[in-house]
Amino acid sequence: MDINQIQELIRLVSKSKVTEFILKEGDFKLIIRNQAGSESNAAPVVAFPPPQPLMTMAPTPPPPPAAAPATVAPAPAPAATAAAVDANMLTIKSPMVGTFYRSSGPDKAPFVKVGDSVEVGATVCIIEAMKLFNEIESDVKGKIVKVLVEDASPVEYDQPLFIVEPA
Amino acid sequence: MFKKILIANRGEIALRIIRTCKEMGVKSVAIYSTADRDSLHVRFADEAVCIGPPASSESYLNIPRIMAAVEITNADAVHPGYGFLAENANFAEVCKEYGTKFIGPTPDQIRRMGDKITAKETMLAAGVPCIPGSEGLLEDVKTGIKLAKEIGYPVILKATAGGGGKGMRIVWKESEFENQWETARREAKAAFANDGIYMEKFIEEPRHIEIQVAGDQFGKACHLSERDCSIQRRHQKLVEESPSPFMTPELREKMGEAAIKACTAINYEGVGTVEFLVDKYRNFYFMEMNTRIQVEHTVTEEVIDFDLIKEQIKIAAGIPISGKNYFPEMHAIECRINAEDPFNDFRPSPGRITSFHSPKGHGVRVDTHVYGGYTIPPYYDSMIAKLIVRARTRDEAITKMERALDEFIVEGVKTTVPFHQRLMQNADFRKGNFHTGFLNTWDFKNA
């Protein structure tokens, strides 16, 4: 399955009344969901099973095409954010490039879960790069509403990690 | 062959490298700062990683961030492009330690050619002609006069702590020497608090002619002939061409041989450029060696029909070069199109390009990362496109460049297109009558 085929599938699903489309091919699995009750031009949510390398869908030039489908970031896609995020919500973004970990060790509890309250300066996750583990601190105060990145997945600079409802 | 190459650069060169990767079946990873989110290189690469905020120190010059991107994408090679970290021996060293192949020379080769004094020593030992001069500072007038007699007038006295033309004096004959020596010292002391002076032969009507070279991991080296880059403004190249209108087959052979000597002296790995100054008598002198791919590599590609980026990648992957030398079969000229206002002292003109139409047609090549609707960020250099034409003769190439420049429409920002249009019409340029001082004396605004 190449990128053009995936783009074509997304296009077809988004135009149809199909709400969920699942394709399994060996150990590749593609899930495309159309937002229930959404307008026909809303971006469909695309989820890839982890682990996936970071991918940016490349629309053919001349860019930027007006009807570009969701830009895929490491799973799960931040397009989910677009659908779920309220204008009031705050986002904790990654300050660096590396691998995201929810806890300080494989059998340790995660630093934060959905529902937890965080203060400014509270450690929310670890991002590891080149064997160095960096504790990432929250720059906002509030309640964790959503965790956007799966444990042990790659993250890039400025990538949204957590949605926080302000206190 | 590599499976995945991370391009540690941006703009048109990143795109250039990605294109060759695609042709070679190698995956490409683009890195970008938040200011470059909409850049073409991000869209064309197979994968893209945002590594930092706009400032180069936090992104394209930031080794830890770049290595983190190498780590999470599992790139097995890194292409540094030109500028940024391309000639940073430390970065090459870090890549080596990490185990990802730096597409370029070894850290040691970068260091040896990066230091002007070491480079000159290496070249002299290899039998490559260098600008004759004093070795270090001149003790006194007597030593100076003696040396000047050996080197031959004219000579130039230069402040060792100097720059910006201060503390520099040309001496045309022995009777002037003492006077110019005193003036240079006084000026140097006033400007830099250091009156140390050294001397070099003054190259009359110097042309900047460089030789493209390639060396593999097995000790073989070759040259791909010259590019004339004499049209410069404040030491920045604006126009490059091949073959040089000043070249002769004999001179090309001698310069080519010297360039190959420079490579074999250090066992050079990769593609590179040996820059020479050529005086009006066709004596040539080593200036410096650039241990990377250059902006104007495109000119050589057009006259020899060769993919230099592909060659770089092959060399890095341990594939030997043919060992043949290559000679221009056509004539090519490149104009660097910068987002600058040529009528206002070439002031940079970043901003949103509202309309962009680049020239096309037979013998026209445009390497660019911009498009209509793109906003040029103010954080990086101002070059937005390279316009290269190729034709059978130099006259035809100039005519084609004029036609192409007339078709080049960029709205929303100022560009140097009008400057190039006037240059193409200039009589001296058309005759091939120019050296590096050309733009100092040509008042193009009233051309």
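Domain bounds here come from an automatic or database domain assignment. On that basis, chain B is divided into domain 1 (4–103), domain 2 (141–201) and domain 3 (207–446). The C-alpha centres of domain 1 and domain 2 of chain B are 45 Å apart. The model is predicted: local features need pLDDT of at least 70, side-chain atom pairs count only at pLDDT 80 or more, and totals for chains, interfaces and linings use all residues. Residues are numbered from 1 along each chain as its sequence is written, while chains are lettered from A and ligands numbered from 1 in the order in which they are written.

Chain B holds 15 helices and 22 strands. Helices (H or I, at least four residues) and strands (E, at least two) are DSSP runs, numbered from the N terminus. The radius of gyration, taken over C-alpha atoms, is compared with a globule rule of 2.2 Å times the number of residues to the power 0.38. For chain B the radius is 23 Å, close to the 22 Å that the rule gives for 447 residues, so the chain is as compact as a globular protein of that length. The C-alpha trace of chain B spans about 65 × 50 × 45 Å along its principal axes.

Burial was assigned from C-beta atoms placed from the backbone: a residue is buried if 20 or more others lie within 10 Å of its own, exposed if 12 or fewer, and partly exposed in between. Buried residues account for 49% of the 447 residues in chain B. Two residues are in contact if their C-beta atoms, placed from the backbone, lie within 7 Å. Among contacts in chain B between residues at least 6 apart in sequence, 64% link residues at least 24 apart.

A nonpolar core is a set of buried Ala, Val, Leu, Ile, Met, Phe, Trp, Tyr and Cys residues joined through C-beta atoms within 7 Å. The largest such core has 112 residues, of which Leu6(B), Ala30(B), Ile31(B) and Ala69(B) touch the most other members. Helix 9 of chain B gives the most to this core, with seven residues. Neighbours within four places in sequence aside, Ala69(B) contacts Val97(A), Leu6(B), Ile31(B), Val49(B) and Ile51(B). A second, separate core of 36 residues includes Leu238(B), Met383(B), Ala404(B) and Leu405(B).

Helix 5 (residues 107–114) of chain B has Gln109(B), Ile110(B), Arg112(B) and Met113(B) as its buried residues. They lie on the same side of helix 5 of chain B because they cover an arc of only 165 degrees around the axis. This arc is that of the directions from the helix axis to the C-beta atoms. The cover over these buried residues includes helix 4 (89–98), helix 6 (116–126), helix 9 (249–266) and strand 13 (284–290) of chain B.

Several loops of chain B carry backbone features of note. The peptide bond from Tyr153(B) to Pro154(B) is cis, with omega near 0 degrees. Pro154(B) sits in the loop between helix 7 (141–151) and strand 6 (155–159) of chain B. Another cis peptide bond joins Ser242(B) and Pro243(B), with omega about -5 degrees. Pro243(B) belongs to the loop between strand 11 (236–242) and helix 9 of chain B.

Positive phi angles also occur. Arg234(B), not a glycine, has a phi of about 50 degrees. Its loop runs between strand 10 (221–233) and strand 11 of chain B. Arg234(B) is exposed, with 7 other C-beta atoms within 10 Å. Asn267(B), also not a glycine, has a positive phi of about 60 degrees. Asn267(B) lies in the loop between helix 9 and strand 12 (270–278) of chain B. With 16 C-beta neighbours inside 10 Å, Asn267(B) is partly exposed.
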